[in-house]
Amino acid sequence: MILEQIYTKCLAQGAYFISSQGEAVIIDPLREVQPYLDLAKENESVIKYIFLTHFHADFVSGQVDLAKATGATVVLGPNAQAAYNYHSAEDGEVFKLGDLTLEVIHTPGHTMESTCYLLRNENGKERALFTGDTLFIGDVGRPDLAAKSDLTSADLAAHLYDSLRNRIMPLPDDVIIYPAHGAGSACGKNMSSETSDTLGNQKQTNYAFKLSKEDFVKELITGLATPPGYFPANVAMNKKVNTDFDAIIKRGTEALSVEAFEALASQEDVLVLDTRSVTAFAKASHPQAWFIGLSGQFAPWVGAVVEDINQKIIFIAEEGKEEEVAMRLSRVGYDHSLGYLKGGIEAWEKAGKEVIDIQEISAQEFIDGYSNGSITHPIDVRKNGEYTASHIDGVAHFPLDEVHKNSKELDSNNTYHIHCAGGYRSLIYASILRQQGIANVVNVLGGYGAIQKTELGKIKLT
């Protein structure tokens with residue numbers, strides 16, 4: 001038996017490859033199918049089944065393209081309905097894979113079609129449980145992403161409690177839990193950075209196994225951040241046949257001359273993205289560009305701040321990273337990339353086109369300026385939980401994921417000194433403000449992490 005977790009850090013997402021005696025399955029594949037085809041070839045296996053634990057909200061899954069490439073059967077859990085060919089699994093149904101088996105365990109709660117798959121070895125021994133978003137390491141899936149008018153978040157949380165207690169807890173303690181996500185995903189509140197664990201250890205350490213049903217429901221529906229706006233669109237895309245991935249990449253990686261790039265950038269319905277490093281963007285970029293760097297959680301932040309999933313996008317990338325940009329955009333459903341600036345910002349400058357920079361200061365310079373009153377409009381753009389845990393006393397909170405709403409409260413006559421945790425999100429925020437006409441923005445290098453290490457003087461961290 002071969003079992004491999006294919007973890008994508010940008011999405012904090014785990015897909016799984018399992019093979020036995022020349023047969024293989026893929027669980028929760030991403031949209032780019034070549035890595036799975038390569039794994040099957042390396043292990044001399046034919047992909048027989050593609051299992052989805054549920055219709056994901058935070059990425060577009062690749063079951064349709066993968067089935068087309070391999071002839072494999074797509075398997076969806078009970079209650080799932082999709083526009084492509086699939087096998088509707090029944091609770092308790094068993095699928096053979098070489099000398100292994102995978103049993104369907106319907107676990108509604110995160111969504112009503114949510115399903116876990118229990119892997120047994122050649123002797124019938126329970127080895128692993130692929131839990132999707134039902135059970136994470138240290139957490140469980142949020143219950144508000146599939147709530148409808150006739151099914152509230154509290155209703156879903158109650159279903160999830162029953163699923164955990166009645167379907168998962170009775171399994172042996174030595175079963176390995178393999179979830180769909182880890183820390184950094186918006187599909188839960190407090191996931192561990194670990195990407196697998198024994199069920200026995202989770203029973204001891206995961207709060208979800210310790211609460212009464214009433215307390216469990218209350219805990220799950222309290223303090224939930226608003227889900228990113230692209231989540232419903234991704235769910236819808238995962239239920240239908242989408243544009244072929246290869247076609248998206250081909251269109252998205254068209255090399256645009258300076259003239260062609262300029263012409264597209266002048267159109268109101270085209271967004272310019274700069275995907276280079278924090279340093280490169282701050283030094284010189286296109287006047288209209290938003291910064292969302294590949295080095296951070298690129299795809300989730302695109303989904304959080306680019307409100308229209310059908311947005312036309314042209315981009316600036318480091319040489320050799322163009323295909324990666326188009327691929328990572330498509331992972332979250334942004335399929336309308338029109339190409340990149342050939343030769344990058346250097347070609348733009350060489351052609352005599354305008355570039356602008358964003359001022360940056362050190363954390364100590366920021367603290368000194370805030371202490372002596374020369375910095376009068378500092379803002380913290382971290383997430384709600386980060387700000388609540390600790391922040392600089394008196395600094396206003398303008399979370400990045402609400403930029404299009406909270407930026408309306410800002411005055412273009414002021415200079416804003418912006419920080420996040422490390423300097424990545426603050427530059428995204430600053431670039432969006434700049435494009436909206438608020439030109440006086442300053443990024444604090446190193447963010448709150450660097451601020452905590454400075455000589456604070458009279459400044460208090462609350």
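## Helix H16 and its end

Helix H16 is followed by Gly437, a residue with a positive phi, near 100°. Helices (H or I, at least four residues) and strands (E, at least two) are DSSP runs, numbered from the N terminus. The model is a predicted one: local features need pLDDT of at least 70, side-chain atom pairs count only at pLDDT 80 or more, and totals for chains, interfaces and linings use all residues. Residues are numbered from 1 along each chain as its sequence is written, and side-chain values use heavy atoms, with hydrogens and water left out.

Buried means under 20% relative accessible area, exposed means over 50%, and partly exposed lies in between (1.4 Å probe, protein chains only). Among the buried residues of H16 are Arg425, Tyr429, Ile432 and Arg434.

## The whole chain

The protein chain has 17 helices and 22 strands. Its radius of gyration is 24 Å, close to the 23 Å that the globule rule gives for 462 residues, so the chain is as compact as a globular protein of that length. The radius is taken over C-alpha atoms, and the rule is 2.2 Å times the number of residues to the power 0.38. Along the principal axes, the C-alpha atoms fill a box of roughly 70 × 50 × 40 Å.

Of the 462 residues, 55% count as buried. Contact means heavy atoms within 4.5 Å. Among contacts between residues at least 6 apart in sequence, 68% join residues at least 24 apart. The mean positions of the 40 positive and 61 negative charges are 1 Å apart. Here Lys and Arg count as positive and Asp and Glu as negative, while His and the chain ends are not counted; the place of a charge is taken as NZ of Lys, CZ of Arg, CG of Asp or CD of Glu.

## Nonpolar cores

A nonpolar core is a set of buried Ala, Val, Leu, Ile, Met, Phe, Trp, Tyr and Cys residues joined through side-chain atoms within 4.5 Å. The largest core has 89 residues, and those with the most contacts inside it include Ile292, Val305 and Tyr429. Tyr429 is also one of the buried residues of H16. Leaving aside neighbours within four places in sequence, Val305 is in contact with Trp290, Ile292, Leu400, Val403, His404 and Ile432.

## Residues in loops

Ile356 sits in the loop between helix H12 (344-350) and strand E18 (359-361). Ile356 is partly exposed, with a relative accessible area of 22%. Not counting residues up to four places away in sequence, Ile356 touches Lys283, Ala284, Ser285, His286, Pro287 and Arg434. Ile356 and His286 are 70 residues apart in sequence, but their C-alpha atoms are 6.6 Å apart in space. Leu145, in the loop between strand E10 (126-132) and helix H3 (153-168), is partly exposed at 22%, and its contacts beyond four places in sequence are Ala57, His110, Pro227 and Phe231.

Glu44 lies in the loop between helix H1 (34-42) and strand E4 (46-51). Its phi is near 50°, a positive value in a residue other than glycine, and Glu44 is exposed, with a relative accessible area of 71%. Asn79, in the loop between strand E5 (73-76) and strand E6 (87-88), has a positive phi of about 80° although it is not a glycine. Asn79 is exposed, with a relative accessible area of 53%.
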